[in-house]
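Student: Hi! Could you walk me through this one?
Tutor: Happy to, here it is.

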Amino acid sequence: MPQTSRLLYYDLGMSADDDGIVEAFTVIRTTGAAEDDLRVLVSKGFVSVLNEDMVSFITDWNTNNQLRKDRYRPSVYAELLVKFECGNQVTPDWQPDGNQMETQYSIGEVSAVQESTAKGSKSAAAPRPTPEPPKTNFGPELQVAFDRWLAYKKERREAYKPTGLSALVTQIEHNAAQHGEKAVAELIESCMANGWRGIIWDKLEQKVREKAHSGNIFAEMAREEGLF
């Protein structure tokens, strides 16, 4: 297995939540890894992609990690994990190379696809129906950013499935409670402006760290100048 794939596996493990679920797209963006590295991990069975936004599950997580019950925090993607463990995995648009491509169809569907190919069918796949936007309690600024994000994803033909949309709302609510709705709205707008596929939530934590670092520098300078 390539060294870059092994390094990505390590980074995914470091960023995973208590259920072994991680936003692989975010990790790839922040570490400079390639999607091909993730495809290798999926083809080897180390990682399973749970939805179209590359939310992924580290398959050996429970074997290699033990966590005290009083410290355990359920994943915001717990519903995706339940579907995966029950054999009803949400099929992502993104697929790995190799034999993993076959998992997007059931046995009956594979036969139908093969038959259609044999007949030389060139008809386009039916567009995925867009689910109704869920009800939210967002403030005006965040609601506008949220609606714009859904329109942005639809334009990219990456519209959410109901489960992914519900997880997105939960994630936005969680980050808004932690960092404020204005910060989340600005992050969403920034991700669209940069043409990113997903919302890079780590940037909120990065801003907090940068602010704290700047505050420490100012305090140190003030002490040196005898201001306090």
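Tutor: A contact here means heavy atoms within 4.5 Å. This is a predicted model, where local features need pLDDT of at least 70, side-chain atom pairs count only at pLDDT 80 or more, and totals for chains, interfaces and linings use all residues. Residues are numbered from 1 along each chain as its sequence is written, and side-chain values use heavy atoms, with hydrogens and water left out.

Student: Which share of the contacts with a separation of 6 or more comes from residues 24 or more positions apart?
Tutor: Those residues account for 70% of them in the protein.

Student: And how many helices and strands are there?
Tutor: Ten helices and three strands, counted as DSSP runs (helices H or I, at least four residues; strands E, at least two) and numbered from the N terminus. Along the sequence the pattern reads α-β-α-α-β-β-α-α-α-α-α-α-α.

Student: What's the strand order in the sheet?
Tutor: S1-S3-S2, in an open sheet with antiparallel pairing; strands pair if DSSP finds at least two bridges between them. Strands S1 (21-23) and S2 (47-49) are the edges, each pairing on one side only.

Student: How many bridges join S1 and S3?
Tutor: Three, with S3 spanning residues 55-58. Glu23 stands opposite Val55 in S3.

Student: Which helix packs on the sheet?
Tutor: Helix H1 (residues 3-15), which touches S1, S2 and S3 and runs at about 95° to the direction of S3. Axes are lines fitted to C-alpha atoms, for helices over the stretch in contact, and angles run from 0 to 180 degrees between N-to-C directions.

Student: New topic: what percentage of residues is buried?
Tutor: 36% of the 228 residues, with buried meaning under 20% relative accessible area (1.4 Å probe, protein chains only).

Terms used. Buried < 20%, exposed > 50% of the residue type's maximum accessible area, 1.4 Å probe, protein only.
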